[in-house]
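Dear colleague,

I am handing over the structure that we spoke about, and below it you will find my notes on what was found. Please read them with the model open beside you.

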Amino acid sequence: MLVRVHAVGMNPPDWYLRDGYKSLPPEWRPPVPFPIILGSDVSGVVEAVATDVKDFSVGDEVFGMVRFPSFGESAAYAEYVAAPASDLALKPAGIDHVHAAGAPMAGLTAWQFLIDLGHNEPNPLQPEMHRPVPLGGKTVLVNGAAGGVGHFAVQLAKWKGAHVIAVASESHESFLRELGADEFIDYTKSLPEDVAHDMDLVLDTLGGPTTGRFLRTLKRGGALFPVFLGFSDAEEAAKLGVTVSMTQVRSNGPQLAELGRLLDAGTVRVAIDSTFPLADARKAHERAAGGHIQGKIVLTVV
């Protein structure tokens, strides 16, 4: 389908791709044929459909994460994007294009880690498939809870009946409690690994080499889900009886449609940190580099 783009959601893979994946270990860096167009998350209006597309029509408002994972094939920082119909869903009528564009990658990452993986593709991050764990009645800690993935994870875990502990800086406490967090840890005052105990699940949206510190917060039989690479304490995890599991988010229109129903009902909402015109994408990336993002950064296309 050809989509006239109204808004583009920014995500960490955008800035990782921009700098040639220098933040990844050398063996993980894919070849990138610069120059390249960034972006994968869009919300817009269908301009044309292929003859075999049955579920969408010209004029439909849609949103989605296009061709992910890929390395520049999505090309979403643009006025028009060609996308597989299977990557898109009808935009929830109750939210605008800016909020819809902020949902796909962050929302699907939280969904595929916590609710349903939704595919049978080999896992590039570990030998076995990732498996979400039941959340009802469980205690779930979300590290980096105010960010894109984190603020969706807080809401989805609450929706599934978990007791949610959110970790972020003090300025985000009221925001996260409004989203449903039962408890809040200000990491600038107390290290979460020092004050949280007997967790059933930790979703570490920041990941990286320090993610192993959360092992001691978990009960035996608990699970640690790092969203980004860096975990290197497999032996300690085995001794503690903790499952550590990761996955790579993938485009999934049907899952996005399910998330869209929650967005339309107001059960889950998208927080917007800031918006920038597409022509000011550089300023948007500078905002991202500044950190302490509350929700999503979105580019608007006029």
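**The parallel sheet**

Strand 6 (residues 139-143) and strand 9 (residues 199-204) pair in the parallel sense, and four bridges connect them. Here strands (E, at least two residues) and helices (H or I, at least four residues) are DSSP runs, numbered from the N terminus, and two strands pair if DSSP finds at least two bridges between them. Before going further, please note that this is a predicted model, in which local features need pLDDT of at least 70 and side-chain atom pairs count only at pLDDT 80 or more, while totals for chains, interfaces and linings use all residues. Residues are numbered from 1 along each chain as its sequence is written, and side-chain values use heavy atoms, with hydrogens and water left out.

Within the pairing of strand 6 and strand 9, V140 stands opposite L201 in strand 9. Strand 9 also pairs with strand 10 in the parallel sense, over five bridges, and there the bridge partner of M199 is L218 in strand 10. Strand 10 in turn pairs with strand 11, again in the parallel sense, over two bridges, with A223 having T243 in strand 11 as its bridge partner. Taken as a whole, six strands form an open sheet with parallel pairing, in the order 8-7-6-9-10-11. Strand 8 (183-186) and strand 11 (243-244) stand at the edges with a single partner strand each, so one side of each is left without a neighbour in the sheet. As background, strands of a sheet pair through backbone hydrogen bonds, either parallel or antiparallel.

Helix 4 (residues 148-159) lies across strand 6, strand 7 (163-168) and strand 9, and runs at about 165° to strand 7; axes are lines fitted to C-alpha atoms, for helices over the stretch in contact, and angles run from 0 to 180 degrees between N-to-C directions.

The loop between strand 9 and strand 10 holds T211, which is buried, with a relative accessible area of 0% (buried means under 20%, exposed over 50% and partly exposed in between, with a 1.4 Å probe and protein chains only). Leaving aside neighbours within four places in sequence, T211 is in contact with D204, L224, P226 and F231, where contact means heavy atoms within 4.5 Å.

**The antiparallel pairs**

Strand 2 (residues 41-48) is joined to strand 3 by five bridges, and the two run antiparallel; in this pairing G44 stands opposite V62 in strand 3. Strand 3 also pairs with strand 5 (residues 88-90) in the antiparallel sense over three bridges, and the bridge partner of F63 is A89 in strand 5. Of the five residues of strand 3 (residues 61-65), four are buried, so strand 3 is largely enclosed by the rest of the structure.

**Helix packing and rings**

Helix 3 and helix 8 (residues 253-265) pack with their axes 10 Å apart, at an angle of about 100°. That makes helix 3 roughly perpendicular to helix 8 (angles of 65 to 115 degrees count as roughly perpendicular, under 35 as roughly parallel, over 145 as roughly antiparallel and the rest as oblique). In helix 3, P104, G107, L108, W111 and Q112 meet Q255, L256, E258, L259 and L262 in helix 8.

Rings of Phe, Tyr and Trp (its six-membered ring) pair if their centres lie within 6.5 Å, with planes under 30 degrees apart counting as stacked, over 60 as edge-to-face and the rest as tilted. By this rule there are four aromatic pairs, among them the tilted pair of F113 and F225, at 6.3 Å centre to centre and with 50° between the planes. F113 lies in helix 3 (residues 104-114) and F225 in strand 10 (residues 218-226), so the pair ties together parts that are 112 residues apart in sequence. F113 is buried at 2% relative accessibility, and F225 is buried at 1%.

**Some backbone details**

A cis peptide bond joins F34 and P35, with omega about 0°, and P35 is in the loop between helix 1 (12-18) and strand 2. Another cis peptide bond joins F68 and P69, with omega about 5°; P69 lies in the loop between strand 3 and strand 4 (80-82).

With best wishes
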